[in-house]
Amino acid sequence: MQYDWKKHAKALELDKILNLLAEQAACEDAAQAALQLEPSPSDAERLLQETDDAFGLMARFGSPSFGGLTNVTDSLHRAQAGGMLTMAELLKIASVLRTLRGIKEWRDKCEGVKTCLDERFSLITANPYLENQISEAILSEEEMADNASPALAEIRRKIRQSSARAREVLDRMIHSATYQKYLQEPIVTIREGRFVVPVKAEYRSEIPGLVHDTSASGSTVFIEPMGAVEANNRVKELLSQEKKEMERVLYALSAEAGNFADTIVRSYGLAVSLSVVFAKASLAYRMKATRPKLNDKGRIVLHRARHPLIDKDKVVPTDIELGTTFDTLVITGPNTGGKTVSLKTVGLLTLMAMCGLMIPAAEGSELSVFTQVLADIGDEQSIEQSLSTFSAHMKNIIEIIQRADEHSLVLLDELGAGTDPVEGAALAESILEELRSKGAKIAATTHYAELKAYALQTSGVENASCEFDVATLRPTYRLLIGMPGRSNAFAISLRLGMNPAVVDRAKELVSGENRRFEDVVQNLEESRRQLENEREEARRMREEAELACREAEEARSKVQREADRAIAQAREKSAQLVAQTRAQIDVLLNEMDEIRKQKNKGITAEQKAKLNAGLRSLERTADPVSKKQDSDYRLPRPLKVGDTVLIFDIDKKATVLRLPEGNPPEVLVQAGILQTRVPLSNLRLLQEKQQKQIFRTVTSNVSRAQVPAAREVDVRGLTAEEALMEVDRAIDAAVLSGVGQLTIIHGKGTGVLRRAVQTHMKNHPQVKRYRLGTFGEGESGVTIVELK
């Protein structure tokens, strides 16, 4: 029996995802193609690459427009066979051609980006010749342009002339005092394509002519006066000629369309397939989805996965693992605790990936392709077949066992439920063993304590539980791998108001072995929560430490930049002073030359050269920040950690952090907020009195220097509120400095910072547009902001 994807895919709600995909499609055929998608294990990698490439193109260049695509295949084939198309059909063909041309032009603008979609783009053929012919000839579904052909233009010119003559005759009549008394109204109207006047019924014999119509009341007759008959006849003949010429034009345009029919049909099909790919990318943006890694080893590792049909603000992202160190996952926990959601998440995301859809999970998630995804989920009771819920489930499971192999993913909900607990637990364990023997990867939900013990005792089988908050009686939807779940029936009953005595009696009725098992599970759960709290605290402390390191590094860089700026300013001022001095000396030298000429007495050329050499020496020594000349200083004693020393060449006090190392020896010192290595020979040990002073001259001077605006701001490790404050400061500085583009580095991580930054950018008054980074820019770890 052939494997039926649709049955199992429907149980996992893939059809609802495809409906969402169809909503993103731009044309009817693309929407239908989206609804008919099926998982393709052999093509999954290629399909995902197509979606990923479209996702990247949309991030950088926006999406191409597929809005004008309409299926004109039947019309083109009829034209190809020699038929005449209507103006409406030809306009639809022109619309398709316009859309195809737009798609080609959009791709041409995406310069320098190669994708796996390029072949499809290149095979689309634009036809501006036919597009323009149709657009210029046909104005609307009912109107053809005068310039559709020279003959049509001439016929319509003659129609206007003949109509004008007919109207002229009638206008004279309706403005004549003789005839006005016979007219119902002094107007010219048209009946049966001929110009007539409305005459009172009692005066019909007063105006000779042809009667073409009578009013409903019979009080008015519409007469074509004999003077206008000839002109009207001419108009009628011309209208007949116009109709024939319009038909000739339509035949000509239809023949042209027929000549290009095969090319247009092929290009249309390619455009529809591209529309589906870009619909997948659009859905990925809507779901905040990422591309998973694929393997064929049955390995599933999902990070912060969400069920795509549950509101992302209500569901808690979860980590799910299967096929790594274990091939079977037994999920336990209370009813409405999220077990089925976890099961469906694994199956649905697997099917989505094999359809080429990105998944709502963190980057780095991994999925396997399977030739079969077999699911028994939900109430399959069949009244028509007189099957109980248990019988219906068993019928499905029997079929699954017959089909399962090493390339199958099997998902079983409430395994063994609906019958005697002892027999149900034993049957469930036996089913798992049979499926494992076939090499399938299995995830099953259950309430049976026997299966929890089976998972604890069996290699390759792992427990998992869905976290449940007893205090609020609500699931968190977090899946805890390695932790068996508790039913929490007693705790839930007490919380709902059950008499404590009843609950205590129930506890007494539970066997001692079961009580001990539940106690062990409870202790494990408490230990897990404690470890999670400690891990969260360690993570927080690590982030604070990383933030402090970044701030220190930024401060060091800031001080260095300010110091460099101050030094450059000092050198510039010195150069100005030297230039002024040189100008004065040049004046003096010129004056002395003049005196020598006049009195044959003055400085010689040799003396002038010496003076110039001295001036050059003055320029070389004019740098106010040049290093001091070294001396024969020797340390009075070996340095110790904590000593206060003077960095001799820059007159900066520092504290020794590490003793001399290397050859020549260097010492690690702390100067203000800056740590640096300084040659031992450049250090002077300060006496106790000197060590009590605080040297702030350089840092106070450079702190007043203006820092140039940065082109990027790194907010990784900050809270969302702190990050937005940093971003606002960076944008203000960039705007003041005339910087047009800013890169915000928020990292990939959980996506919290990315969402906060992009939400903030939507309404920021200084932001023109923003987008995610592309390959080489940081991808989804950065947001590129273009400023106004």
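A residue is called buried here when its relative accessible area is under 20%, exposed when over 50%, and partly exposed in between, using a 1.4 Å probe and protein chains only. The model is a predicted one, so to speak: local features need pLDDT of at least 70, side-chain atom pairs count only at pLDDT 80 or more, and totals for chains, interfaces and linings use all residues. Residues are numbered from 1 along each chain as its sequence is written, and side-chain values use heavy atoms, with hydrogens and water left out.

To start with the inside, a nonpolar core is a set of buried Ala, Val, Leu, Ile, Met, Phe, Trp, Tyr and Cys residues joined through side-chain atoms within 4.5 Å. The largest such core holds 126 residues, and Ile-93 and Val-373 touch the most other members. Helix H12 (residues 261–287) gives the most to this core, 15 residues in total; helices (H or I, at least four residues) and strands (E, at least two) are DSSP runs, numbered from the N terminus. Leaving aside neighbours within four places in sequence, Val-373 is in contact (heavy atoms within 4.5 Å) with residues including Tyr-3, Trp-5, Met-354 and Leu-411.

H13 (residues 339–354) has 16 residues and reaches 23 Å from first C-alpha to last, close to the expected 22 Å, where the expected span is 1.5 Å times one less than the number of residues. Most of H13 is covered, with 14 of its 16 residues buried. After H13 comes Gly-356, with a positive phi near 85 degrees. The buried residues of H14 (residues 389–403) include Phe-390, Asn-396 and Arg-403, and they pack against helix H1 (5–11), strand E12 (372–376), strand E13 (408–412) and helix H15 (421–437).

Then there are the charged pairs. A salt bridge is a side-chain nitrogen of Lys or Arg within 4 Å of a carboxyl oxygen of Asp or Glu, and the count comes to 40. In one of them, Arg-98 meets Glu-131 at 3.9 Å, N to O. This pair links distant parts of the chain, with Arg-98 in helix H6 (residues 87–109) and Glu-131 in helix H8 (residues 128–137), 33 residues apart. Arg-98 is partly exposed because its relative accessible area is 40%, whereas Glu-131, at 3%, counts as buried. Lys-297 and Asp-296 also form a salt bridge, and both are exposed.
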